[in-house]
Amino acid sequence: PGTLLQLVFAIALLLPPDFLFSAQSVYPKKIKAIRVVGNKRTQDLVFQRELSPLIGAPFLRDFADFAVGRLDRLRLFSGIKITPVEEEDGIVLLVEVKETYPVIPSVSLSFSDENGFLIGGGLSVLNLDRKAFFLSGKVMVGGATNIEFRLANPWIRGDQLAYRLDLFYRERKNEVFGFHETATEVYATLLRQHKDRLNYGG
């Protein structure tokens with residue numbers, strides 16, 4: 001018996017860690033809860049709707065990458081760390097995030113033969129109402145007047161459907177070709193997420 005035990009131990013030392021992990025994870029504990037740390041400007045419901053598909057599922061190492069990918073696509077965090085915490089009745093996913101600045105200003109300057117110099121600025125709100133809504137506006141004046149507006153909501157139904165609204169207003173006098181242009185354009189886009197990494201819509 002002693003020799004057999006030594007043989008088994010020696011074989012175990014030669015096996016790669018991935019094999020040992022997979023062997024121990026045939027019947028892994030299930031994920032029972034998600035705890036978030038560092039979300040001062042983001043509501044808990046944002047994390048729940050992103051990671052709720054994991055609740056009740058057996059924990060696998062790939063789930064950490066899955067969770068990071070779901071949160072990273074919101075572009076609200078400069079740092080994301082996922083740590084599984086084992087408890088007697090299951091696994092708790094500890095989510096530690098570092099939030100980006102909620103409001104980002106911008107300044108723009110451009111020049112063209114048709115319109116001359118344009119100068120202006122904009123403002124982007126990355127986490128409107130603390131629910132991951134995105135709102136931005138930009139105004140350019142000078143040889144022309146350009147106004148841009150965008151509103152995006154990553155969730156409107158279930159966990160995979162989003163929308164985006166875009167408004168563009170342009171007024172300019174083309175000195176080269178001698179015409180005056182005024183245009184208003186509005187676009188509404190529906191996006192559906194496919195397999196957590198691909199968005200498509202129209």
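pLDDT is the predictor's confidence in each residue, running from 0 to 100. What you're looking at is a predicted model, where local features need pLDDT of at least 70, side-chain atom pairs count only at pLDDT 80 or more, and totals for chains, interfaces and linings use all residues. Residues are numbered from 1 along each chain as its sequence is written, and side-chain values use heavy atoms, with hydrogens and water left out.

**View A. Where the confidence sits.** The protein averages a pLDDT of 81, and 78% of the residues score at least 70. Strand S6 (residues 133–142) comes out highest, at a mean of 95, while helix H2 (residues 17–24) is lowest, at 44. (Helices, H or I with at least four residues, and strands, E with at least two, are DSSP runs numbered from the N terminus.) Residues 17–27 fall below 50, and beyond near neighbours in sequence that stretch has four contacts in the model (heavy atoms within 4.5 Å). Residues 196–202 are also below 50, with 15 such contacts.

View B. Asn127 belongs to strand S5 (residues 116–128). At 13% relative accessibility, Asn127 counts as buried (under 20% relative accessible area; exposed is over 50%, partly exposed in between; 1.4 Å probe, protein chains only). Leaving aside neighbours within four places in sequence, Asn127 touches Arg41, Thr42, Leu76, Pro102, Ala132 and Phe133.

**View C. Helix H3 against helix H4.** H3 (residues 44–51) and H4 (residues 62–72) pack at about 130 degrees, axes 10 Å apart (lines fitted to C-alpha atoms over the stretch in contact, with angles from 0 to 180 degrees between N-to-C directions). On the H3 side, Phe47, Arg49, Glu50 and Leu51 meet Ala67, Arg70 and Leu71 of H4.
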